[in-house]
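Dear colleague,

Please find the sequence and the structure below. A summary of the findings follows them.

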Amino acid sequence: MISLNTFFKKKNLLESSLFKIIDNICSGAKMVNEVLLSGNPENFKSENVKNIQNEDVQKLDLIANNIFLENFKNNFEINGILSEENEKIIKGNSHGKYLIAMDPLDGSSNISVNIPVGSIFSILQKKNLSVSLCENDFLVKGKEQECAAYILYGTSTILILALNNEVNGFTLNLNKNDFFLTFPNLQIPEEGNIFSINEGNIRSVDKEIFNYVEHCKGLNPEGKRTHTGRFIGSLVADFHRNMMKGGIFIYPKTSDKPNGQLRLIYECNPIALIAKFAGSKSSDGITSILEKKPKSIHERTAFITGSTKMVDELLSFYKND
Ligand code: FDP
């Protein structure tokens with residue numbers, strides 16, 4: 001098995017700016033992993049405050065945010081950072097080529113109940129280096145991302161990396177304190193039978209989504225189920241399972257969340273790039289996620305991604321109206 005360093009060396013990217021950023025992400029992930037494994041109950045509590053998006057902030061949200069920000073701090077390749085935990089963008093080195101958008105701890109409502117969580121990263125090039133950093137730099141279509149990654153802190157800790165049209169998975173070996181290539185060239189199965197949606201929302205979603213989910217619950221001629229439902233409630237974990245086994249993830253618009261729940265720039269875009277490089281697609285029901293131009297940095301969107309045939313089947317419900 002080859003290490004992450006050897007993988008980048010083989011691709012002639014070991015000296016690249018991008019590798020330095022991935023290296024920061026890996027160092028941060030090891031530290032977050034240590035905090036999770038330390039099991040200190042104090043870390044698994046709520047901060048009893050709301051973030052700007054009116055969600056409960058957990059202590060670990062802030063710990064993970066600080067860890068990654070600290071790891072990125074001395075990287076002169078980084079011009080600016082957008083984080084779910086910070087209302088405003090954070091300035092880095094004004095000569096740095098790269099921008100990072102991140103959800104430092106995804107699935108945080110699952111922290112206190114020992115369920116997998118993740119960290120998500122989108123890496124973009126800053127377009128005009130002669131103009132100083134502003135929010136507009138982040139308001140670009142997802143297809144402009146150069147690289148995307150997530151860490152899944154699950155039964156093992158895994159880095160999934162989308163770069164140069166490939167998706168590769170690296171597992172953290174705790175004895176060697178390093179990530180090793182364990183899932184080369186990942187492809188999402190074209191077809192699957194898992195559907196992942198928070199069914200608590202089902203009566204307040206578009207009829208197309210409602211009808212598709214009803215279709216998933218249909219029986220075959222022998223009276224047996226055709227699909228299985230799985231929803232962890234951590235985007236990274238739900239997406240990862242569906243990428244490995246074949247399935248569809250759906251977080252639609254709801255009456256509670258008229259624009260959807262998930263954030264376009266630092267949750268949906270990086271996952272959509274991973275889906276694309278792994279041979280699949282993502283949509284909000286109408287528009288491809290990677291074609292959406294954000295209007296604000298913490299913008300939300302409806303999100304559908306997973307096995308191509310399942311995504312296409314759901315989208316056909318919109319077209320058949
Ligand atoms: P969380 O708020 O716990 O961080 O946007 C983040 C997210 O979790 C996703 O990981 C998850 O898919 C979704 O929200 C869960 O939202 P619901 O609780 O509304 O199902």
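On a 1 Å grid over the protein atoms alone, a cavity is a set of points where a 1.4 Å probe fits but cannot get out, whereas a pocket is an open set with protein on both sides within 12 Å along at least five of seven lines; lining residues have an atom within 4 Å of a point. Grid points are joined across faces, edges and corners, and a volume is the space filled by probe spheres set on the points. By this rule there is one cavity of 30 Å³ or more.

The model is predicted: local features need pLDDT of at least 70 and side-chain atom pairs count only at pLDDT 80 or more, while totals for chains, interfaces and linings use all residues. Residues are numbered from 1 along each chain as its sequence is written, and side-chain values use heavy atoms, with hydrogens and water left out.

Overall form

The protein has seven helices and 17 strands (DSSP runs numbered from the N terminus, helices being H or I of at least four residues and strands E of at least two). Its radius of gyration is 19 Å, close to the 20 Å that the globule rule gives for 321 residues, so the protein is as compact as a globular protein of that length (the radius is taken over C-alpha atoms, and the rule is 2.2 Å times the number of residues to the power 0.38).

An open sheet of eight strands has the order β4-β3-β5-β6-β7-β8-β9-β10, with mixed pairing (two strands pair if DSSP finds at least two bridges between them). β4 (90–91) and β10 (178–183) stand at its edges with a single partner strand each, so one side of each has no neighbour in the sheet. Strands β6 (residues 117–125) and β7 (residues 147–153) run antiparallel and are joined by seven bridges; Val117 has Tyr153 in β7 as its bridge partner. Helix α3 (residues 59–73) packs on this sheet, touching β3 (78–83), β4, β5, β6 and β7, and its direction makes about 155° with that of β5. Here contact means heavy atoms within 4.5 Å; axes are lines fitted to C-alpha atoms, for helices over the stretch in contact, and angles run from 0 to 180 degrees between N-to-C directions.

Five strands form another open sheet of mixed pairing, in the order β12-β11-β13-β17-β15. Three bridges join β11 (residues 194–196) to β13 in parallel, and Ile194 stands opposite Gly247 in β13. Helix α4 (residues 207–216) packs on the sheet through β11, β13 and β17 (303–306). Helix α7 (residues 308–319) lies across β11, β13, β15 and β17, at about 145° to β17.

Pockets and cavity

The largest pocket holds about 490 Å³ of space. Its lining has 26 residues, with Glu55, Gly107, Ser109, Gly233 and Gln261 nearest its centre. By class, this lining has seven nonpolar, nine polar and 10 charged residues (Ala, Val, Leu, Ile, Met, Phe, Trp, Tyr, Cys and Pro count as nonpolar, Asp, Glu, Lys and Arg as charged, and the others, Gly among them, as polar).

The second largest pocket holds about 320 Å³. Of its 16 lining residues, Leu36, Leu37, Asn114, Tyr153 and Gly154 are the closest to its centre. The lining has 10 nonpolar, six polar and no charged residues.

The largest cavity has a volume of about 40 Å³. Its lining includes Ser122, Phe138, Lys141 and Asn269.

Yours sincerely
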